[in-house]
Amino acid sequence: MALQVHVVNVQHEPIIYGEYVTSAMIDELNNSLMAKSRSVLDEAAAMLQAGGLACETHTQLGNVAEQINDAVKRLGCDTVVMGTRGLGSFTGLVLGSVASRVIHEVSVPVLLVK
């Protein structure tokens, strides 16, 4: 079986407070987040292709751990490889890290790259 690489970028949905928020403002924010995601994915895909690896890219909006778990199930992935931002042990301890939430959410092995 050939190696299949899926590159997923999940952007957190914005949390908006206030009385003067219109659907157009929310659409503009979501479109901006999706454009950022596509830019990140294009860069990652270019690096993989330069190394001789083909990949498929996927952009999602929502909770990172939940979206990664959904992608693992939907795409039939057997491993998750993800980077860490290295926010520091205290921040990770108090807030919990995205990587930690992904590790607990998915049913496949997770390889973290610093």
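This is a predicted model: local features need pLDDT of at least 70, side-chain atom pairs count only at pLDDT 80 or more; totals for chains, interfaces and linings use all residues.
Student: Why is Gln11 called buried?

Tutor: Buried means under 20% relative accessible area. Gln11 has 10% relative accessibility, so Gln11 counts as buried.

Student: Where does Gln11 lie, and which residues is it in contact with, leaving aside its neighbours within four places in sequence?

Tutor: Gln11 belongs to strand S1, residues 6-11. With those neighbours set aside, the contacts of Gln11 are Leu33, Lys36, Ser37, Gln60, Leu61 and Gly62.

Student: How many disulfides does the structure hold?

Tutor: The structure holds 0 disulfides. To count, a pair of cysteine sulfur atoms has to be within 2.5 Å.

Student: What makes up the largest nonpolar core?

Tutor: That core has 11 residues, among them Val10, Val64, Ile68, Met82 and Val108. Two or more residues come from each of helix H2 (64-75), strand S3 (80-83) and helix H4 (98-105). Helix H2 gives the most, with 4 residues.

Student: Which residues is Val64 in contact with, leaving aside its neighbours within four places in sequence?

Tutor: Val64 is then in contact with Val10, His12, Val98 and Val102. There is also a second, separate core of 5 residues, including Val5, Val7, Leu41 and Cys55.

Technical notes: Residues are numbered from 1 along each chain as its sequence is written. Side-chain values use heavy atoms; hydrogens and water are left out. A nonpolar core is a set of buried Ala, Val, Leu, Ile, Met, Phe, Trp, Tyr and Cys residues joined through side-chain atoms within 4.5 Å. Buried means under 20% relative accessible area, exposed over 50%, partly exposed in between (1.4 Å probe, protein chains only). Contact means heavy atoms within 4.5 Å.
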